[in-house]
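My entries follow the order in which I looked.

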Amino acid sequence: MLEEVELDGQAGQFAGGKHTFFLALRGEAAADDEHFQEGDIFAVTEGVDVEVGDLVVWWTGVVRTLALARVEEDLSFRGVGGFPAPTPNLSAKVRGVVVGRLRPLAPGAMAES
């Protein structure tokens, strides 16, 4: 599940002006070549052109349908991280393009050894 979150500090400065918002991954992601982990935070920008290879957030206009997909060569979408790709019978829209990914440090990761 993706949940919209607000960030403060340096990361938070990117929200707003360019229509950038943040989504956090809640729950375990399926293992694939994206290597998503629970707690990953995605910076998503709305209103930019979608290109082949982009990681995008798509939805049907309902928050619970937010999902991640890669744009394929034929401009179709391939679901990633256990998220489904949109099906032809859905009125799916791209909510934005992922422009960055943050991974919170595990507790004690910066501790001296």
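**Entry 1. Arg103**

With which residue does Arg103 form a salt bridge? I looked in the model, which is predicted, and found Asp40, with the closest N and O atoms 2.7 Å apart. I then checked where the two sit. Arg103 is in the segment after strand E7 (93–102), and Asp40 is in the loop between E2 and E3. They are 63 residues apart, so I noted that this pair links distant parts of the chain.

Next I looked up how open each one is. Arg103 is partly exposed, at a relative accessible area of 38%. Asp40 has a relative accessible area of 0%, and I wrote it down as buried because the cut-off for that is under 20%.

I also noted a general point: side chains of opposite charge can pair when their charged atoms come close.

**Entry 2. Arg70**

I turned to Arg70, whose side chain meets that of Glu34 in a salt bridge, 2.8 Å from N to O. Arg70 lies in strand E5 (residues 67–71), while Glu34 is in the loop between strand E2 (20–25) and strand E3 (41–45). These parts are 36 residues apart in sequence, so the pair ties them together.

Is Glu34 buried or exposed? I found it buried, with a relative accessible area of 10%. Arg70 comes out as partly exposed, at 21%.

**Entry 3. Arg78 and the count**

I looked up Arg78 and found a salt bridge between its side chain and that of Glu72, 3.2 Å from N to O. Both partners are partly exposed: Arg78 has a relative accessible area of 33%, and Glu72 has 27%.

I then noted one network, in which salt bridges with shared partners join Glu4, Glu46 and Arg95. How many salt bridges does the count come to? I wrote down 7.

**Entry 4. Ile41**

Ile41 is buried, with a relative accessible area of 13%.

Which residues does Ile41 touch, not counting those up to four places away in sequence? I listed Val5, Leu7, Phe22, Leu23, Ala24, Gly100, Arg101 and Leu102. I picked out Leu23 from these contacts. Ile41 and Leu23 are 18 residues apart in sequence, and their C-alpha atoms are 5.5 Å apart in space.

Notes: Residues numbered from 1 in each chain as written. Predicted model: local features only at pLDDT ≥ 70, side-chain atom pairs only at ≥ 80, totals over all residues. Heavy atoms only, no water. Salt bridge = Lys/Arg side-chain N within 4 Å of Asp/Glu carboxyl O. Helix = DSSP H or I, 4+ residues; strand = E, 2+ residues; numbered from the N terminus. Buried < 20%, exposed > 50% of the residue type's maximum accessible area, 1.4 Å probe, protein only. Contact = heavy atoms within 4.5 Å.
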